[in-house]
Amino acid sequence: MKHSVNRPPTPDAAEDQGKEPPLQEIINVKLIESGEKERLMELLRERLIDCGWKDEMKALCRAHVKKKGRNNVTVDDLVHLITPKGRASVPDSVKAELLQRIRTFLMSAAL
Amino acid sequence: MSGPNEDNNTQLSSHIFGDLLDSIIVDVASECHRIAKLGLDRNLEEEEEEMRLSAQARARVADPSNSSETNTKYVVDIFGQTHPSVATEIFECMNCGRSIAAGRFAPHLEKCMGKGRKARLKVTRSSTAAQNRYSRGSPVSTYSPYSNSTSTNRLSNGTPSVAGEEYSNGTYEEPWNKT
């Protein structure tokens with residue numbers, strides 16, 4: 001046999017990792033497939049609206065738009081604007097409620 | 001002492017929560033962006049402009065040189081025209097044929113066409129024609145408003161004889177003519 005035929009096997013992506021898909025991936029898939037992710041999103045959205053968080057974020061956006069002029073604003077701008085403030089201003093009760101739900105799901109997912 | 005599993009769980013939960021929150025943040029940003037681009041939200045610049053205009057208008061109203069005009073019967077509209085409070089054009093009523101001022105047309109039609117008590121009863125006149133004939137001149141009878149010359153005729157034109165003509169112009173089948 002020619003040497004050229006005996007080339008090393010094509011590196012396999014999975015083999016490179018040396019492990020199965022990360023835990024996170026599995027969980028994410030389970031979340032989505034069971035519909036729980038959707039439910040959690042809706043719950044979080046509702047809570048954030050109730051506590052006025054969404055209105056705060058919208059006010060921030062509006063102020064930014066006014067400053068920059070409405071034709072000069074991109075979605076990216078707004079995302080970067082809101083993300084730090086948004087993450088920091090979620091009420092503790094809301095966060096706790098969601099974390100609890102997620103933990104429950106993780107346990108019941110029987111990993 | 002909770003095992004490593006617990007910590008994992010907590011870490012994982014936080015991570016998942018962060019994911020959810022990021023998605024929602026992107027949604028909110030996208031929504032605000034859309035509103036801004038479509039001009040759906042009253043932009044603060046426009047609001048300032050409108051506030052300025054409304055302040056101007058308010059000043060104009062408060063201006064003493066204007067109040068003399070508004071105190072009179074005639075109010076000046078934005079084109080500088082004045083209108084009498086009752087419209088004065090004359091029309092012919094399609095029901096009774098009388099000449100009516102435009103500003104009095106609606107009340108006239110009410111009575112003429114049937115909202116009023118007396119007008120409605122006119123429609124049933126043919127069925128009560130016999131009664132009318134015998135109750136002519138009786139002030140008490142409510143079914144012959146125009147047979148009684150002294151009755152309180154609610155038509156805008158207070159002449160009973162004219163009122164009588166309304167319904168003997170051939171549109172109703174009357175066995176007798178009223179004078």
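In this predicted model, the axes of helix H2 (residues 23–34) and helix H3 (residues 36–50) of chain A come within 4 Å and cross at roughly 80°, which makes H2(A) roughly perpendicular to H3(A). On the side of H2(A), the contact is formed by Asn28(A), Leu31(A), Ile32(A) and Ser34(A), while H3(A) contributes Glu36(A), Lys37(A), Arg39(A) and Leu40(A).

Just after H2(A) comes Gly35(A), which takes a positive phi of about 85°.

Side chains of opposite charge can pair when their charged atoms come close. Over all chains, the count comes to nine salt bridges. One of them joins the side chains of Arg101(A) and Glu36(A), at 3.4 Å from N to O; because Arg101(A) lies in helix H6 (residues 92–108) of chain A and Glu36(A) in helix H3, the pair ties together parts that are 65 residues apart in sequence. Glu36(A) counts as buried, at 10% relative accessibility, whereas Arg101(A), at 32%, counts as partly exposed. Together with Arg39(A), these two residues are linked in a network of salt bridges.

A further salt bridge, at 2.8 Å from N to O, is made by the side chains of Glu97(A) and Arg47(A), and since Glu97(A) lies in H6 and Arg47(A) in H3 of chain A, this pair ties together parts that are 50 residues apart in sequence.

Note on methods
Residues numbered from 1 in each chain as written. Chains lettered and ligands numbered in written order. Predicted model: local features only at pLDDT ≥ 70, side-chain atom pairs only at ≥ 80, totals over all residues. Heavy atoms only, no water. Helix = DSSP H or I, 4+ residues; strand = E, 2+ residues; numbered from the N terminus. Expected span 1.5 Å × (residues − 1). Axes fitted to C-alpha atoms, helices over the stretch in contact; angles between N-to-C directions. Parallel < 35°, antiparallel > 145°, perpendicular 65-115°, else oblique. Contact = heavy atoms within 4.5 Å. Salt bridge = Lys/Arg side-chain N within 4 Å of Asp/Glu carboxyl O. Buried < 20%, exposed > 50% of the residue type's maximum accessible area, 1.4 Å probe, protein only.
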